[in-house]
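These are my notebook entries on what I looked up in one structure. I went feature by feature and wrote down what I found.

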Amino acid sequence: MGKTSTGNGLLKNGRSYNDRPDQQSDSLQILILNLMSEKINTEDQFKRLFKRTQINVEITFLRTASYESKNTSKEYLEKNYKIFSEIKDKHFDGFISTGSAVEKLPFQKVKYWDELLSIFDWVKEKHIPSYFICWGAQAALNHRYGIRKIDYPEKQFGIFSHSYNGSSNNLSDYWKNPVQIPVSRYTGVSKEDIDLCSDLDIVLSSPDTGVCLIAEKNSNDFYNLNHFEYDRLTLDKEYNRDRKNGVKIALPSNYYPNDNPENEPVNCWKTDSIIFFNYWLSRIRKEKE
């Protein structure tokens, strides 16, 4: 199936968020726990991404109360974010947890770990379909299933091809192998650990970077160790930031044309990203009907 088809309703129909005022009352309410240090950049990534999807979304951003961001002003956070006590009695159709730059720490050493687990437990108790990203996915898998976090000797960094593993969902009807996804992490999980868990299904994996996307068999919960939400220049910014800070970092693989940082990278994962989010949102809407 070609990725430009709109017949299945899962691909972008050419309209933007503002072109659909008649659907506002039928918007899906998505709560995003933003744990990233560069919060505004992450906000913008999700706003742009959801504008490209077929289903209208209204976003509420959530922050931790037990740890205050060092890179985003308190005034901005108080104006644009909620804390858990402010939203725990509200309804949400979906939940997203981002990653965080704490992946080298043991889980229990993370300052907001207890608060995070409270949020994860609330989401599970409310049966809110969830999508966990990078370290957020590792944290949720550890808390829910005891899946251990594995440290890598060096950062996995770049754009990598991933193959569909024939899981119980039907994403293969929309994706064409291989699926391209940005990878940026020092840690991961073991395929053997996931295989031992009867509630989990590996959807995407790479021979280079291992397990990527994991699905719960009996819910609309997904765990992605990588980053469909990244925009075209995110890896470029990470690469230059690390170099500026004196961090030993390799050139992101398969990212710059001809491996030349002077060349503009191409967003080769955008279509695959939109397909996934349309799929997830469509499942949420169907469950809601």
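This is a predicted model: local features need pLDDT of at least 70, side-chain atom pairs count only at pLDDT 80 or more; totals for chains, interfaces and linings use all residues.

**Entry 1: the second largest pocket**

By kind, I sorted the lining into nine nonpolar, six polar and six charged residues. For the space inside I noted about 360 Å³.

**Entry 2: the largest pocket**

Next I turned to the largest pocket, where the space comes to about 780 Å³. I listed 31 lining residues here, and the closest to the centre are Met 36, Ser 37, Ala 101, Glu 238 and Arg 241.

**Entry 3: strand E1 and its neighbours**

I looked at strand E1, residues 28-33, and asked how many of its six residues are buried. The count is five, so I take a cut-off of under 20% relative accessible area as the meaning of buried. I followed E1 to strand E2, residues 57-62, and found six bridges joining the two, which run parallel. With H1 included, E1, H1 and E2 form a β-α-β unit, and I recorded its hand as right-handed.

E1 also pairs with strand E3, residues 94-97. That pairing is parallel too, and I counted four bridges in it. Here Ile 32 stands opposite Ile 96 of E3.

**Entry 4: the largest nonpolar core**

I then looked up the largest nonpolar core, which has 36 residues. I asked which of them touch the most other members, and noted Phe 95, Leu 116 and Trp 135. Several elements supply at least two residues each: E1, helix H3 (84-87), H4, helix H5 (135-145), strand E7 (200-206) and strand E8 (210-216). H4 gives the largest share, with seven residues.

Last, I went through the backbone. As a reminder to myself, most residues other than glycine have a negative phi, and most peptide bonds are trans.

I asked where a cis peptide bond occurs, and found one joining Asn 177 and Pro 178. Its omega is about -5°. I placed Pro 178 in the loop between strand E5 (150-164) and E6.

For phi I noted His 127, which is not a glycine but has a positive value of about 55°. His 127 sits in the loop between helix H4 (113-125) and strand E4 (130-133). Is His 127 buried or exposed? Its relative accessibility is 67%, so I count His 127 as exposed.

Asn 258 is another non-glycine residue with a positive phi, about 60°. I found Asn 258 in the loop between H7 and helix H8 (270-288). At 74% relative accessibility, Asn 258 also counts as exposed, because the cut-off for that is over 50%.

Definitions and conventions
Residues are numbered from 1 along each chain as its sequence is written. Side-chain values use heavy atoms; hydrogens and water are left out. On a 1 Å grid over the protein atoms alone, a cavity is a set of points where a 1.4 Å probe fits but cannot get out, and a pocket is an open set with protein on both sides within 12 Å along at least five of seven lines; lining residues have an atom within 4 Å of a point. Grid points are joined across faces, edges and corners, and a volume is the space filled by probe spheres set on the points. Ala, Val, Leu, Ile, Met, Phe, Trp, Tyr, Cys and Pro count as nonpolar, Asp, Glu, Lys and Arg as charged, and the others, Gly among them, as polar. Buried means under 20% relative accessible area, exposed over 50%, partly exposed in between (1.4 Å probe, protein chains only). Two strands pair if DSSP finds at least two bridges between them. A crossover is right-handed if, with the strands pointing away from the viewer, the path from the first strand over the helix to the second runs clockwise. A nonpolar core is a set of buried Ala, Val, Leu, Ile, Met, Phe, Trp, Tyr and Cys residues joined through side-chain atoms within 4.5 Å.
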